[in-house]
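Please keep the model open in your viewer and follow the selections below in order.

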Amino acid sequence: TSDRAQYGVDEKWVLPKNAGDCEDFALLKMRMLIDQGVAPANLRLAQVMKRNVPSHVVLLVRTAASEEYVLDSLSGTIAPRSASSYVFLKLQSRTNPTQWEAGI
């Protein structure tokens, strides 16, 4: 559900209660993984795009082997970032989560 339909604004990043858009579900996945003991430093958000998906937010999870996996609300699969068909536009900084880094 779009932020416009739910909140009357173009963009609002919140944990979803009953519905949300891509960044809301990425935030929810992040919260759930942290609650299960995953270190926040191993999680970050990324703004991505590909054909027919002009702007989208996914969650990246880094494993002990330093591989990042994409958790995507548009797909039921978990795939390595290296195998993703997305172009990574911006990534949340690992050293300062309030900052974004260029992905390309």
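**A salt bridge within a helix**

Select R31 and D35 to begin: the two form a salt bridge, with their closest N and O atoms 3.2 Å apart, the term meaning a side-chain nitrogen of Lys or Arg within 4 Å of a carboxyl oxygen of Asp or Glu. This is a predicted model, in which local features need pLDDT of at least 70 and side-chain atom pairs count only at pLDDT 80 or more, while totals for chains, interfaces and linings use all residues. Residues are numbered from 1 along each chain as its sequence is written, and side-chain values use heavy atoms, with hydrogens and water left out.

Because R31 and D35 lie 4 residues apart in helix α2, about one helical turn separates them; helices (H or I, at least four residues) and strands (E, at least two) are DSSP runs, numbered from the N terminus. D35 is exposed, at a relative accessible area of 55%, whereas R31 counts as partly exposed at 37%, where buried means under 20% relative accessible area, exposed over 50%, and partly exposed in between (1.4 Å probe, protein chains only).

**On to E68**

Next, select E68 with R81, whose side chains meet in a salt bridge (3.1 Å, N to O). This pair links distant parts of the chain, 13 residues apart, with R81 in the loop between β4 and β5 and E68 in strand β3. Finally, select R44, E68, R81, R94 and E101 together, which are linked in a network of salt bridges.
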